[in-house]
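Welcome! Try each task yourself before you read the solution.

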Amino acid sequence: MLYLKKFELPTGIVIGHNTGNTMVKDNNESTGLFEPLMVSASSPYKEELNDLAVDLVAQAAAFQSSLPKSIASSLVELIRSMNCYYSNLIEGHNTHPIDIERALNDDYSSNPEKRDLQLEAKAHIAVQKWIDEDGLTEPPFSPTMTQEIHRRFCEQLPPELLFVEMPETSERIPVIPGAFREKDVKVGHHVAISPGAIPRFMDRMNEVYSNAGRIESILAAGYAHHRLLWIHPFVDGNGRTARLISYAMLRNSLNTTGLWSVARGLARKEAEYKRHLQACDATRHGDHDGRGTLSEAALASFTKFFLQVCIDQIQFMINLMKPERLKDRIVLWAEEEIRAGRLAPKSDAVLRAILYRGELERGEVAEILGVSDRTARRVTATLIESGALKSASSRAPLRIAFPATLASRWMPGLFPEQ
């Protein structure tokens with residue numbers, strides 16, 4: 001929940017830049033208020049963080065190389081829905097991936113509230129797809145890209161989700177897609193910087209993180225996650241924006257290609273995640289806690305937690321996608337569907353061939369099954385209709401699909417059953 005707080009104008013305040021017809025208040029805060037932006041090389045925590053980053057690089061690369069390209073490309077689409085589901089869940093919005101998948105097919109609930117959440121999920125997935133397709137023209141934490149990510153997400157939301165209500169006055173504050181806030185805010189116990197100071201702090205983040213080396217750029221995904229939330233640049237949507245930026249930073253530094261989701265791990269440890277973020281708001285504890293205004297130890301602890309969550313999620317996906325286990329679960333499902341009359345006989349043989357090869361030309365189905373072309377077309381049609389297979393066109397090769405409706409059978413534990 002976002003709490004907005006009105007402030008009296010104290011002596012010495014600088015009135016900041018003009019946005020349209022509004023003068024935005026600037027308290028002239030120094031960017032030193034959110035230093036350090038990185039854990040220093042001399043920190044006692046730095047060696048462990050570096051080791052975790054190296055481990056993360058190795059595990060991400062190993063997982064990616066273990067998947068055939070055709071399976072990886074299909075998996076990415078499901079992971080987008082999963083990432084969206086867990087990121088929105090952290091904000092208290094529960095839209096199951098099956099309902100998200102329906103929204104992607106323009107199948108919306110008749111319930112207005114559920115429909116709005118489906119549209120919200122669809123907007124989130126569209127932004128992640130844009131990131132995956134190299135839409136970013138600058139580093140994701142740059143002021144321009146931060147605003148662009150927020151704009152692309154919010155401009156697709158239904159009108160009812162583009163307002164924040166003040167708890168005390170019930171005043172409805174509009175959320176302007178991509179626009180930095182123009183009001184003072186308080187989130188929990190944290191009083192964010194004045195709105196006029198936001199561009200200055202965003203520029204400082206961009207300056208520091210743009211110069212990070214390979215290992216530092218991985219650590220920066222954790223550092224920047226908190227520091228952006230500390231700035232709280234938007235009236236609403238900061239959490240989703242921060243997680244999308246972290247996703248983009250990890251994608252750039254690890255070449256993750258969207259095969260796993262840190263949001264799942266953060267949502268499953270939501271209380272710990274939020275405790276760490278709150279701890280990072282604290283000022284430093286004495287001379288042995290870095291040289292900045294905020295606690296370096298807390299930033300290091302959150303970044304360690306963040307990296308461990310990433311590694312845990314990769315390990316989860318590695319175990320879930322082990323070829324033989326995955327094949328056995330899919331074939332067992334197919335055999336049960338054949339017995340129930342929902343799939344054509346011999347459909348399991350087609351799935352086995354595709355799981356082994358990665359893809360299958362349509363003309364090969366009849367030969368593999370030893371049936372007529374007409375029967376082969378019927379087998380193929382029932383598999384596509386079930387969601388198990390997909391094809392770019394009526395002549396394109398057949399590939400495995402990972403629909404949300406089958407995820408609980410094929411990839412148990414990926415997200416809760418509906």
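**Exercise 1.** Is R102 buried, partly exposed or exposed?

*Solution.* Keep in mind that this is a predicted model.
- Step 1: Recall the cut-offs, where buried means under 20% relative accessible area and exposed means over 50%.
- Step 2: R102 has a relative accessible area of 36%, so it is partly exposed.

**Exercise 2.** Describe the contact between D99 and R102, and say where the two residues sit.

*Solution.* 
- Step 1: D99 and R102 form a salt bridge, with their closest N and O atoms 2.9 Å apart.
- Step 2: Both residues belong to helix α3 (residues 97-104), where they are three residues apart, about one turn of the helix.
- Step 3: D99 has a relative accessibility of 21%, so this residue counts as partly exposed.

**Exercise 3.** Work out which parts of the chain are linked by K122 and D106, and how accessible each residue is.

*Solution.* 
- Step 1: A salt bridge joins K122 to D106, and the closest N and O atoms are 2.6 Å apart.
- Step 2: This pair links distant parts of the chain, since K122 lies in helix α4 (residues 112-132) and D106 in the loop between α3 and α4, 16 residues apart.
- Step 3: K122 shows 24% relative accessibility and therefore counts as partly exposed.
- Step 4: D106 has a relative accessible area of 53%, so it is exposed.

**Exercise 4.** Does the radius of gyration of the chain agree or disagree with that of a compact globule?

*Solution.* 
- Step 1: For 418 residues, a compact globule would have a radius of gyration near 22 Å.
- Step 2: The chain has 24 Å, which agrees.
- Step 3: The chain's secondary structure comes to 16 helices and ten strands, and 52% of its 418 residues count as buried.

Technical notes:
Residues numbered from 1 in each chain as written. Predicted model: local features only at pLDDT ≥ 70, side-chain atom pairs only at ≥ 80, totals over all residues. Heavy atoms only, no water. Salt bridge = Lys/Arg side-chain N within 4 Å of Asp/Glu carboxyl O. Helix = DSSP H or I, 4+ residues; strand = E, 2+ residues; numbered from the N terminus. Buried < 20%, exposed > 50% of the residue type's maximum accessible area, 1.4 Å probe, protein only. Rg over C-alpha atoms; globule rule 2.2 N^0.38 Å.
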